[in-house]
Structure formats: C-alpha cells, structure tokens
Amino acid sequence: MSGFDVGARLKQLRMLRDLSQRELAKRAGVTNSTISLIEQNSVSPSVSSLKKILDAMPVSISEFFAGEETSPQEKFFYRAEELTEIGDGNLSWRLVAARHPSRGMSIIHEHYPPGADTGEDMLEHEGEEGGVVITGIIELTVNGDTQCLHAGDAYYFDSRLPHRFRNSGDTDCVIVSANTPPGFSEGGASTHHRR
C-alpha cells in the first residue's frame, strides 16, 4: 500500500470521534480484536471489512486514504504514481484525484490478481457504477446474476443491488471504473464497498 499507515489512520479517526475500540467494533459489527489488530497493523483488512468499519464512523474510503491534504491549486493531470491506493494489499484500486476538493465522481484503476475478490460479503451502496475490463477476466455478480467479463467487455449497474467482483481467471485482471457519488458511500450500517 505504498507505505500508507492504515492502523495509525484508523486510530486517529476513531479518537477524533471519541470512540473506544469496543464502541467502534460494536457499531461496525466486528470483534474488538479486529479493530485492535488493524490499528496495530497486525492484520490487513479486506476492502469490504475496512469499508464496514469506516461506515460506522462514518468516513468515506477516499477520505480515509486522502488524509487531511488538499491541493493548493487546481490540478488536471495525474501521473501513475500520484494515484491514491485504496486497495487491501491484495487487490489494488488506485483512485484518480482523491484530494480534488469538488470531485463529482470516482475513477479507479483496479487490479485483481488471480483468485482475488472483494470479499465474501456482497457489496451494496448508494449510487451507480460502471467499468471496462482492460485485461483478464472478472466474474461479476449483480443481484444474483453472474457473468464472466473479458477484455473489452463492460458493466453498468445501480450500486444498491448486491454485487461482488472476483478474478476467476489465471492471469491478472485490470479494470477502469467510474462511480457516483464520489466519496464511496458516506455511511450507513449496511453499506460497505471500495468505491
């Protein structure tokens, strides 16, 4: 994760909201030890688990990884190394313009190694999302319907429908996706998603 300290950032946000590890765990529906292990960087949470915890505060995924930094001037171009990693260490999701002050959508460069997926929990959140598979194969389940999409195939759906992404192939899968609203859902106990 390019050196981003997930544990320290989670602890900082939890303390800013005057929440104990126990209270945050209760709100997020996870064990106390889960929060403790993440804050100690002893375990790397899946994207869906991290989203569940952040929703309990509530803090968006992009806000979590963007930190407090803002760009002093308007920026139009972003080099590959400037994209903000919001993945879980296995999956890589690199967010374009994470610190843009008035971002109206999220554009993400997604990378799934073989066998990687977004977690056992189906994802649900406000908004819409779409994307195009650049390389590899992704197995996408939306509202109980499962399809394998190959390079050049695309998807677009209402993000409130339960969904899950999984690389069912034996090569890396790369997707470029977009979704609204931009902040990855701002809260709500039943929502948890990377986008």
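1. Aromatic pairs. Five aromatic pairs turn up in a search of the whole structure, which is a predicted model. A pair of aromatic rings is described by the distance of the centres and the angle of the planes. For Y112 and F165, the ring centres are 6.3 Å apart and the planes meet at 25°, so this pair is stacked. The cut-off for stacking is under 30 degrees.

2. Y112 belongs to strand β3 (residues 106–112). F165 belongs to strand β8 (residues 163–166). The pair therefore ties together parts that lie 53 residues apart in sequence. Y112 and F165 are both buried.

3. A tilted pair. The ring centres of Y155 and F157 are 5.9 Å apart. Their planes are at 35°, so the pair counts as tilted. Y155 has a relative accessible area of 8% and is buried. F157 is buried too, at 7% relative accessibility.

4. The aromatic cluster. Which residues do ring pairs link into a cluster? They are W93, Y112, Y155, F157 and F165. Y112 also matters for the next point, on the nonpolar core.

5. The nonpolar core. The largest nonpolar core has 38 residues. Within this core, F64 and Y112 touch the most other members. Setting aside neighbours within four places in sequence, F64 contacts F4, V6, R9, L10, L13, L50, L54 and V59.

6. Helix α4. Is this helix, residues 47–55, mostly covered or mostly open? Mostly covered: seven of its nine residues are buried. The buried residues are V47, S48, L50, K51, I53, L54 and D55. L50 and L54 are among the contacts of F64. The cover over the buried residues of α4 includes helices α1 (6–16), α2 (21–28), α3 (32–39) and α5 (61–66). Strand β2 (92–95) is also part of that cover.

7. Packing of α1 on α3. How far apart are the axes of α1 and α3? They are 7 Å apart, and the helices pack at an angle of about 120°. α1 and α3 are therefore oblique to each other. On the α1 side, the residues in the contact are V6, G7, A8, L10, K11 and R14. On the α3 side, they are I35, I38 and E39. By class, this contact has five nonpolar, one polar and three charged residues.

Definitions and conventions
Residues numbered from 1 in each chain as written. Predicted model: local features only at pLDDT ≥ 70, side-chain atom pairs only at ≥ 80, totals over all residues. Heavy atoms only, no water. Phe/Tyr/Trp six-rings, centres within 6.5 Å; stacked < 30°, edge-to-face > 60°. Helix = DSSP H or I, 4+ residues; strand = E, 2+ residues; numbered from the N terminus. Buried < 20%, exposed > 50% of the residue type's maximum accessible area, 1.4 Å probe, protein only. Contact = heavy atoms within 4.5 Å. Core = buried A, V, L, I, M, F, W, Y, C linked by side-chain atoms within 4.5 Å. Axes fitted to C-alpha atoms, helices over the stretch in contact; angles between N-to-C directions. Parallel < 35°, antiparallel > 145°, perpendicular 65-115°, else oblique. Nonpolar A, V, L, I, M, F, W, Y, C, P; charged D, E, K, R; others polar.
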